[in-house]
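Please find below a short note on the structure, arranged as numbered points. It is meant to be read with the sequence and the model side by side.

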Amino acid sequence: FRPWLRAKSYVYLISAVFPSQASRDDLTTLISSFFSTLGSAGNPRIEKVLVLDWTDIRPVLDNYPRIADLWLGVKLPSLLGHREYCQSLDKFRRHLLQKNLPFVEPEREREDHPKNILRLVGELAGSAGVLLKGAGGAGKTRTSLEVAHLAESSGWRVLHALPGEPAVSTDEIASVALSSKHPTLIVFDYLDQMPALDLASLRHRLLPQANQRGSKIALLANVRTSSLRRPNSERDSVFTHRIPV
């Protein structure tokens, strides 16, 4: 109970809607009465109880999509919020996490340093994206994840678009990314394994719509170098900057 000893207020949240103000007041009184019985030394002295329901929290989730992603998830199998994505990493992919295998940073001045990549994707946000290229096992996915960590800790909302079935569509990405004006980084892991993704729509619809709404959307993808031998004008028109890893 030690963390409670400094507490002065208590917030109780339900995911439903109170049928009446009287119901809310009754619950507030019940909780307050409980805390009033804990007045002995060493117990928390709660001075204010705040009871909230879905009508209170929904505007918060609308304004802070990172909280919504964390609490509720994106609810698309091939598009995950950052925390949701990190929690999904198991088996061999668990080694992408710092706690299982520490990341060895390149030299700070190199263009493939995560901080430099994040700076570049931020500068290009709304107009183009950055493509990380390298051979299998070179560290493209891990570097992308480190950039995502930095972005998330800097206040960005981070979404991970994944290969596989069902394939994520541009419409689905737009419906999530444009749900708020919060700065958003979209990471495409193994872009070369997303043949159904409409890159032209990303360039001609998603980015212009985001700009019109005053949203900041940045794009980061990774591919194996071998896939770049095949011409792809739409890919190259969206991801204009290539960084070897």
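This is a predicted model: local features need pLDDT of at least 70, side-chain atom pairs count only at pLDDT 80 or more; totals for chains, interfaces and linings use all residues.

1. A salt bridge is a side-chain nitrogen of Lys or Arg within 4 Å of a carboxyl oxygen of Asp or Glu. With that term in hand, the network can be stated: salt bridges link R24, D53 and D56.

2. A second salt bridge joins the side chains of K8 and E47, at 3.8 Å from N to O. Here too the pair links distant parts of the chain: K8 lies in the segment before β1 (9–13), whereas E47 lies in the loop between α1 (21–36) and β2 (48–52), 39 residues apart. K8 is partly exposed, because its relative accessible area is 48%. E47, by contrast, counts as exposed because its relative accessible area is 64%, where the limit is over 50%.

3. A further salt bridge is formed by R242 and D236, with 2.7 Å between the closest N and O atoms. R242 is partly exposed, its relative accessible area being 35%. D236 is partly exposed as well, with a value of 30%.

4. The aromatic residues deserve a separate point. A pair of aromatic rings is described by the distance of the centres and the angle of the planes. The structure holds three aromatic pairs. In one of them, F34 and F35 have ring centres 5.4 Å apart and planes at 65°; the pair is therefore edge-to-face, since this class requires an angle over 60 degrees. F34 is partly exposed, with a relative accessible area of 48%, whereas F35 is buried, with 10%. Ring pairs also link Y10, F34 and F35 into a cluster.

5. Which residues have the most contacts inside the largest nonpolar core? They are L79, F188, L191, I217 and F239, in a core of 29 residues. At least two residues of this core come from each of β5 (157–161), α7 (170–177), β6 (184–188), α8 (199–212) and β7 (217–224). Helix α8 gives the most, with five residues. As background, nonpolar side chains tend to be buried together in soluble globular proteins.

6. The last point concerns empty space inside the model. Rolling a probe the size of a water molecule over the atoms shows where such space is left. The count comes to one cavity of 30 Å³ or more, and the volume of the largest cavity is about 30 Å³. Its lining consists of Y85, T141, S144, L145, H160, V187 and D189. Helix α6 (residues 140–153) supplies the largest share of this lining, three residues. By class, the lining of the largest cavity has three nonpolar, three polar and one charged residues.

Key: Residues are numbered from 1 along each chain as its sequence is written. Side-chain values use heavy atoms; hydrogens and water are left out. On a 1 Å grid over the protein atoms alone, a cavity is a set of points where a 1.4 Å probe fits but cannot get out, and a pocket is an open set with protein on both sides within 12 Å along at least five of seven lines; lining residues have an atom within 4 Å of a point. Grid points are joined across faces, edges and corners, and a volume is the space filled by probe spheres set on the points. Helices (H or I, at least four residues) and strands (E, at least two) are DSSP runs, numbered from the N terminus. Ala, Val, Leu, Ile, Met, Phe, Trp, Tyr, Cys and Pro count as nonpolar, Asp, Glu, Lys and Arg as charged, and the others, Gly among them, as polar. Buried means under 20% relative accessible area, exposed over 50%, partly exposed in between (1.4 Å probe, protein chains only). Rings of Phe, Tyr and Trp (its six-membered ring) pair if their centres lie within 6.5 Å; planes under 30 degrees apart count as stacked, over 60 as edge-to-face and the rest as tilted. A nonpolar core is a set of buried Ala, Val, Leu, Ile, Met, Phe, Trp, Tyr and Cys residues joined through side-chain atoms within 4.5 Å.
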